[in-house]
Amino acid sequence: MSVVQVEAIDHVTLVSSSLEASRRFYVELLGMEEVPRPNFNFKGAWYRAGNTLVHLILAHDQSGPAGMFSPEQKRSTRTHHLAFRVPDANAAWEAIQSSDIPYEVVSPPKFRPDGAVQVFLADPDGHVIELASEPKQQGT
């Protein structure tokens, strides 16, 4: 028996060095919707995709540092990351490549052992973001 029963992830918070660069990445590149944010005494932005919320905090003297704690050369598919489901990761990759919105490629599309497709990018602050689509069923 558990002490607490978690229902879902409510949100993920990331510290950003530029809310505008992050907005371009999360809204214009990934298609999230900017949603109202309470009037905190620090700057930030909230984004939604389905039931998933990403809360951004603009780096300030009382926040943590913006970005990943590992250096750029250590960014990989096997580090701290957020994963978002997309209908087709290969199609997402093609669309991303034709965009003029800055991003860093961590890994182009690849198959997981179960057949799901994964693409890994880094946002403007180096947070590793996975875009994943379900394995295709035989015959589809």
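Of the 140 residues of the chain, 36% count as buried, where buried means under 20% relative accessible area, exposed means over 50% and partly exposed lies in between (1.4 Å probe, protein chains only). The structure is a predicted model, in which local features need pLDDT of at least 70 and side-chain atom pairs count only at pLDDT 80 or more, while totals for chains, interfaces and linings use all residues. Residues are numbered from 1 along each chain as its sequence is written, and side-chain values use heavy atoms, with hydrogens and water left out.

**Overall architecture**

- The chain contains 2 helices and 8 strands; helices (H or I, at least four residues) and strands (E, at least two) are DSSP runs, numbered from the N terminus.
- Along the sequence, these elements follow the pattern β-α-β-β-β-β-α-β-β-β.
- Taken along the principal axes, the C-alpha atoms fill a box of roughly 55 × 50 × 30 Å.
- Among contacts between residues at least 6 apart in sequence, 54% join residues at least 24 apart; a contact means heavy atoms within 4.5 Å.

**The sheet of β1 to β4**

- Strands of a sheet pair through backbone hydrogen bonds, either parallel or antiparallel.
- Here, 4 strands form an open sheet in the order β1-β4-β3-β2, with mixed pairing; two strands pair if DSSP finds at least two bridges between them.
- The edge strands are β1 (12–16) and β2 (33–35), each of which pairs on one side only.
- Neighbouring strands of this sheet are turned by 30° against each other on average, direction ignored; axes are lines fitted to C-alpha atoms, for helices over the stretch in contact, and angles run from 0 to 180 degrees between N-to-C directions.
- The parallel pairing in this sheet includes β1 with β4, over 5 bridges, and S16 stands opposite L58 in β4.
- Strands β2 and β3 run antiparallel and are joined by 3 bridges, with V35 opposite W46 in β3.
- Strand β3 (residues 44–49) and strand β4 (residues 52–58) are antiparallel partners over 6 bridges.
- Strand β4 is mostly covered, as 5 of its 7 residues are buried.
- Helix α1 (residues 19–29) lies across β1, β2, β3 and β4, and runs at about 5° to β3.

**The sheet of β5 to β8**

- This open sheet also has 4 strands, placed in the order β5-β8-β7-β6, and its pairing is mixed.
- Strands β5 and β6 (104–111) stand at the edges with a single partner strand each, so one side of each is left without a neighbour in the sheet.
- On average, neighbouring strands of this sheet are turned by 20° against each other, direction ignored.
- Strand β7 (residues 117–122) runs antiparallel to β8 and is joined to β8 by 6 bridges; V117 stands opposite S133 in β8.
- Helix α2 (residues 89–97) packs on the sheet, touching β6, β7 and β8, and its direction makes about 35° with that of β7.

**Residue E130**

- E130 lies in strand β8 (residues 128–133).
- Residue E130 is buried yet has no salt bridge, and the nearest side chain of opposite charge, R112, is 4.6 Å away.
- A salt bridge is a side-chain nitrogen of Lys or Arg within 4 Å of a carboxyl oxygen of Asp or Glu; Lys and Arg count as positive and Asp and Glu as negative, while His and the chain ends are not counted.
- The side chains of E130 and Q118 are joined by a polar contact of 3.0 Å, that is, a pair of N or O atoms within 3.5 Å; within protein, one must be able to donate a hydrogen and the other to accept it, and residues adjacent in sequence count only if both atoms are side-chain atoms.
- Leaving aside neighbours within four places in sequence, E130 is in contact with H81, L82, A83, F84, Q118, V119 and F120.

**Residue T77**

- T77 is found in the loop between β4 and β5 (81–85).
- Its relative accessible area is 17%, so T77 counts as buried.
- The side chain of T77 makes a polar contact of 3.2 Å with the side chain of K110.
- Not counting residues up to four places away in sequence, T77 touches V106, S107, K110 and F120.
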